[in-house]
Amino acid sequence: MRYMKIIIPKKFLNTVEEILKKNNAYSISIIEPLKTSIEDGIIITCNAKARDAEKIVLELKKLGLGEKGHGSVTIMPANITFSCREEGMASTTLSPLELYYKAKTMVKITKNVLIKVVLASIMGVIGLIEHNIPTLIGAMIIAPLVDTVMGSAIGTVLGDKELFIDGMKKELICAVVVILCAFIPSLFFVSKDLVLEYLSETSIILSAIVAIIAGISGGISIASGKEYEIIGVTIDVSILIPALLMGMALATMEMNLIYITLILLIINIVLLDIGGYIGLKYKIGKVNQKVKH
């Protein structure tokens with residue numbers, strides 16, 4: 001296995017990205033450093049099998065990349081890594097370009113994401129039925145819902161309509177999956193009184209405050225290039241719990257409970273996106289135009 005660090009002129013980004021994907025490169029990261037050996041340079045890091053790495057180098061050379069004045073290609077064993085941020089070559093805040101590529105990954109709906117959402121939903125509804133807090137916390141750790149919120153928030157900040165729509169689409173699909181996973185067992189194990197009990201303990205105002213704080217924190221963490229899984233648990237609280245409650249409410253067939261849980265879910269989703277937007281804006285500043293890609 002090989003680790004590759006490629007420095008290229010920014011104008012070749014799309015072409016090089018296609019070459020990497022075609023030759024099975026993975027863990028691709030796009031970085032806009034503070035300074036590179038060439039003007040307007042971009043650093044791409046990735047991993048690839050030795051044979052694939054050789055093919056990538058050959059295709060890059062056909063484009064004239066890796067030659068003097070046109071960037072460089074560095075190949076190292078996969079256990080050796082390079083961080084522009086640790087070396088002081090890049091800002092501690094992700095550039096709009098880096099955020100764009102990060103969000104493109106976030107908004108993808110994969111089989112693994114759906115499996116995790118289903119597993120988290122089953123754990124979550126069991127936790128609610130049994131009033132089991134550790135089980136609920138475990139469900140929120142499993143749920144990969146943070147990307148669904150932050151992907152659409154990044155699309156909003158960058159002014160990328162397609163990215164925003166893809167993020168919202170994933171957000172809604174995941175919410176529907178949670179609702180359905182809660183609805184089925186609730187037909188057998190949930191009563192109207194249980195849903196009323198949870199709703200009586202839920203303050204829409206306090207829930208809204210938690211949602212917007214979680215969104216802001218998530219946006220700041222992502223824009224800083226830091227891990228956000230822990231903050232993601234808080235974001236999951238604001239989507240997973242209301243969606244589970246809505247599934248439980250649907251099982252009771254009580255329209256007033258369905259309306260209340262639907263409103264709670266919509267408010268939380270909207271405020272999470274607004275919070276994410278605020279956090280991202282705070283870190284990266286105003287982006288005047290859509291990222292060119």
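Mentor: What follows takes the charged pairs in turn and then moves to the strand.

This is a predicted model, in which local features need pLDDT of at least 70 and side-chain atom pairs count only at pLDDT 80 or more, whereas totals for chains, interfaces and linings use all residues. Residues are numbered from 1 along each chain as its sequence is written, and side-chain values use heavy atoms, with hydrogens and water left out.

The structure holds three salt bridges, a salt bridge being a side-chain nitrogen of Lys or Arg within 4 Å of a carboxyl oxygen of Asp or Glu. In one of them Lys21 pairs with Glu17, with 3.2 Å between the closest N and O atoms. Both residues belong to helix 1 (residues 13–22), where they are four residues apart, about one turn of the helix; helices here are DSSP runs of H or I with at least four residues, strands are runs of E with at least two, and both are numbered from the N terminus. Glu17 counts as buried because its relative accessibility is 11%, while Lys21, at 46%, counts as partly exposed, given that buried means under 20% relative accessible area, exposed over 50%, and partly exposed in between (1.4 Å probe, protein chains only).

Another salt bridge joins the side chains of Glu59 and Lys22, at 3.1 Å from N to O. Glu59 lies in helix 2 (residues 50–62) and Lys22 in helix 1, so this pair ties together parts that are 37 residues apart in sequence. Lys22 is exposed, its relative accessible area being 55%.

There is also a salt bridge between Lys192 and Glu254, whose closest N and O atoms are 3.9 Å apart. This pair links distant parts of the chain, 62 residues apart, with Lys192 in helix 8 (residues 192–200) and Glu254 in the loop between helix 10 (229–252) and helix 11 (255–284). Both ends count as partly exposed, Lys192 with a relative accessible area of 38% and Glu254 at 27% relative accessibility.

Turning to strand 1 (residues 2–9), seven of its eight residues are buried, so the strand is largely enclosed by the rest of the structure. Strand 1 runs antiparallel to strand 3 (residues 41–48), to which eight bridges join it, where two strands pair if DSSP finds at least two bridges between them. Within that pairing, Pro9 stands opposite Gly41 of strand 3. Strand 1 is also antiparallel to strand 4 (residues 72–77), through six bridges, and there Ile6 has Val73 as its bridge partner.
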